[in-house]
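Hello,

Here is the structure for your work. My notes on it follow below.

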Amino acid sequence: MNTGSDEPGKSVVSEERPKPRRALGSRAPEFIRERRVLHLSWQVGVFVAGLAVVAAGVIMLPLPGPGWLVIFAGLALWATEFVWAQLVLRWTRWKVTEAAQRALDPRVRRRNIALTTTGVVIAAALAGVYVWKFGIVAPWGIPEE
């Protein structure tokens with residue numbers, strides 16, 4: 001709402017308009033959507049490709065690699081064709097935005113900084129005890145030549 005007031009002492013308040021949402025459904029080219037068999041094979045191809053990307057992301061979770069990022073990329077690939085994936089992706093974006101806003105709260109930031117500092121101090125103390133007790137030696141005991 002814009003009050004349009006130019007008088008001194010009165011504030012001009014502007015209302016943010018929500019972004020229009022894209023329609024849910026297939027983003028396949030029109031000529032593919034018009035032909036049922038072609039569209040079905042297109043959907044199977046998108047599903048298989050998305051499944052491969054999500055599977056790679058799941059494999060990367062315990063291994064080195066950007067597992068969650070790859071999983072979300074596979075979900076985004078599915079969202080080009082399937083409504084359920086579009087809804088899951090919208091919900092995920094909403095939750096991530098909400099968490100980011102919550103993380104910017106000064107009380108939460110102070111708590112996170114305190115927890116991180118405590119963790120670093122504990123890790124440094126444990127490393128110091130290890131070096132004091134065993135010296136700077138590799139824990140797997142490979143003899144030097």
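**What was found**

From the N terminus on, the elements run α-α-α-α-α. That comes to 5 helices and 0 strands. Helices here are DSSP runs of H or I with at least four residues, strands are runs of E with at least two, and both are numbered from the N terminus.

Two notes on the basis. This is a predicted model, where local features need pLDDT of at least 70, side-chain atom pairs count only at pLDDT 80 or more, and totals for chains, interfaces and linings use all residues. Residues are numbered from 1 along each chain as its sequence is written, and side-chain values use heavy atoms, with hydrogens and water left out.

Burial: of the 145 residues, 16% count as buried. Buried means under 20% relative accessible area, exposed over 50%, and partly exposed in between (1.4 Å probe, protein chains only).

Salt bridges: a search of the whole structure finds 3. The criterion is a side-chain nitrogen of Lys or Arg within 4 Å of a carboxyl oxygen of Asp or Glu.

- E98 pairs with K95, with the closest N and O atoms 3.6 Å apart. Both lie in helix α4, 3 residues apart, about one turn of the helix.
- R102 also bridges to E98, at 3.5 Å, N to O. These two are 4 residues apart in α4, so about one helical turn separates them.
- R107 meets D105 at 3.2 Å, N to O. R107 is exposed, at 60% relative accessibility. D105 is partly exposed, at 22%.

E98 is partly exposed at 28%, and K95 is partly exposed at 33%.

Helix packing: α3 (residues 67-79) packs on α4 at an angle of about 135°, with the axes 7 Å apart. Axes are lines fitted to C-alpha atoms, for helices over the stretch in contact, and angles run from 0 to 180 degrees between N-to-C directions. α3 is therefore oblique to α4; the class covers what is left after roughly parallel (under 35 degrees), roughly antiparallel (over 145) and roughly perpendicular (65 to 115).

At 32% relative accessibility, P29 is partly exposed. P29 and H39 are 10 residues apart in sequence and 9.3 Å apart in space, C-alpha to C-alpha.

One more residue: L40 is found in helix α2. L40 is partly exposed, with a relative accessible area of 49%.

Best wishes
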